[in-house]
Amino acid sequence: MQHRNATAAVIGAGDYIGSAIAKKFAAEGFTIFAGRRNGDKLAPLVAEVEAAGGRIVARSLDARKEEDITAFLQAADRHAPLEVCIFNIGANVNFPLLDTTERVFRKVWEMACYSGFLAGREAARLMLPHGGGCIFFTGATASLRGGVGYAAFAAAKAGLRAMAQAAARELGPRNIHVAHLVIDSGVDTAWVRERIKDREGEAALQNLDPGRLMRPEAVAETYWQLYSQPRDAWTFEQEIRPFGEKW
């Protein structure tokens with residue numbers, strides 16, 4: 001593996017999409033700074049990346065706290081120039097509107113929108129002196145439309161999308177590629193599989209259509225494709241879904 005003098009920060013390095021992104025960029029030579037709420041849960045990811053010859057630093061991170069985001073990204077940039085920052089916090093919840101408490105709505109907004117603003121702003125502050133970089137945000141179907149029971153989640157994800165769009169228009173001319181990835185499907189995670197089992201039964205899970213769920217590795221590959229784009233053909237927003245998804 002040829003190591004780069006550059007870091008890629010993954011904010012929201014969970015067990016599935018976030019970990020897949022970290023492994024992909026580590027395999028391409030980046031030093032990974034991986035952050036999640038409970039940093040101890042990053043141990044399996046660290047072991048896997050290092051076993052493959054990659055370099056990774058794992059940190060506990062509350063992305064809703066400005067000082068945490070600032071310290072995390074500054075540490076990454078001190079290690080090597082921060083070239084990529086990927087914001088991958090989900091906060092997907094489903095409550096009927098009348099059952100959505102103020103606390104739930106505020107917390108979801110803090111996790112999926114406000115923390116994305118902090119990440120994007122601080123990453124840009126570090127990238128501009130280097131002359132460029134990439135800031136990518138993970139979106140969802142709720143980024144584009146609100147579904148029944150998703151008032152809090154849709155409000156937060158739509159806000160994140162609007163913030164990212166404003167940032168892309170401002171930072172693109174300064175050689176920072178800002179992109180928003182809409183994942184328009186369920187992703188193959190333990191949580192999604194459990195929801196399918198609860199709603200449709202064990203038989204549905206055992207006979208799951210291979211075109212129904214998206215692999216985390218496929219999402220990571222899409223982020224790598226965005227990173228690899230020439231700057232005269234940058235994408236701001238890309239939608240991805242499995243071949244069997246109805247839309």
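# Strands, crossovers and ring pairs

Strand 2, helix 2 (residues 43-51) and strand 3 make up a β-α-β unit that is right-handed. Right-handed means that, with the strands pointing away from the viewer, the path from the first strand over the helix to the second runs clockwise. Helices (H or I, at least four residues) and strands (E, at least two) are DSSP runs, numbered from the N terminus. The model is predicted: local features need pLDDT of at least 70, side-chain atom pairs count only at pLDDT 80 or more, and totals for chains, interfaces and linings use all residues. Residues are numbered from 1 along each chain as its sequence is written, and side-chain values use heavy atoms, without hydrogens and water.

Me: How many bridges join strand 2 and strand 3?
Reply: Two strands pair if DSSP finds at least two bridges between them. Strand 3 covers residues 55-60 and pairs with strand 2 in the parallel sense. Gly35 stands opposite Arg59 of strand 3. The number of bridges is six.

Me: Which residue in strand 2 stands opposite Ala8?
Reply: Strand 1 (residues 7-11) runs parallel to strand 2, and five bridges join them. The residue opposite Ala8 is Ile32.

Me: Through which helix does the chain cross from strand 1 to strand 2?
Reply: This β-α-β crossover is right-handed. The chain passes through residues 17-27, which form helix 1.

Me: Why is strand 2 largely enclosed by the rest of the structure?
Reply: Buried means under 20% relative accessible area, exposed over 50%, and partly exposed in between (1.4 Å probe, protein chains only). Thr31, Phe33 and Gly35 point one way, Ile32, Ala34 and Arg36 the other way, and all are buried. Strand 2 (residues 31-36) is largely enclosed because its buried residues number six of the six.

Me: How many aromatic pairs does a search of the whole structure find?
Reply: Rings of Phe, Tyr and Trp (its six-membered ring) pair if their centres lie within 6.5 Å. Planes under 30 degrees apart count as stacked, over 60 as edge-to-face and the rest as tilted. The search of the whole structure finds twelve.

Me: What kind of pair do the rings of Phe33 and Phe72 make?
Reply: Phe33 lies in strand 2 and Phe72 in helix 3 (residues 66-79), so the pair ties together parts 39 residues apart in sequence. Phe33 is buried at 2% relative accessible area, and Phe72 is buried at 3%. The ring centres are 6.2 Å apart and the planes at 70°, so the pair is edge-to-face.

Me: What kind of pair do Phe87 and Phe137 make?
Reply: Phe87 is in strand 4 (residues 82-87) and Phe137 in strand 5 (residues 133-140), 50 residues apart. Phe87 is buried, with a relative accessible area of 1%. Phe137 is also buried, at 1%. With centres 6.1 Å apart and planes at 55°, the pair is tilted.

Me: Is Ala91 buried or exposed?
Reply: Ala91 lies in the loop between strand 4 and helix 4 (102-127). Its phi is positive, about 65°, although Ala91 is not a glycine. At a relative accessible area of 16%, Ala91 is buried.

Me: What is the relative accessible area of Asn175?
Reply: Asn175 sits in the loop between helix 5 (151-171) and strand 6 (176-183). Its phi is near 70°, a positive value in a residue other than glycine. Asn175 is partly exposed, and its relative accessible area is 25%.
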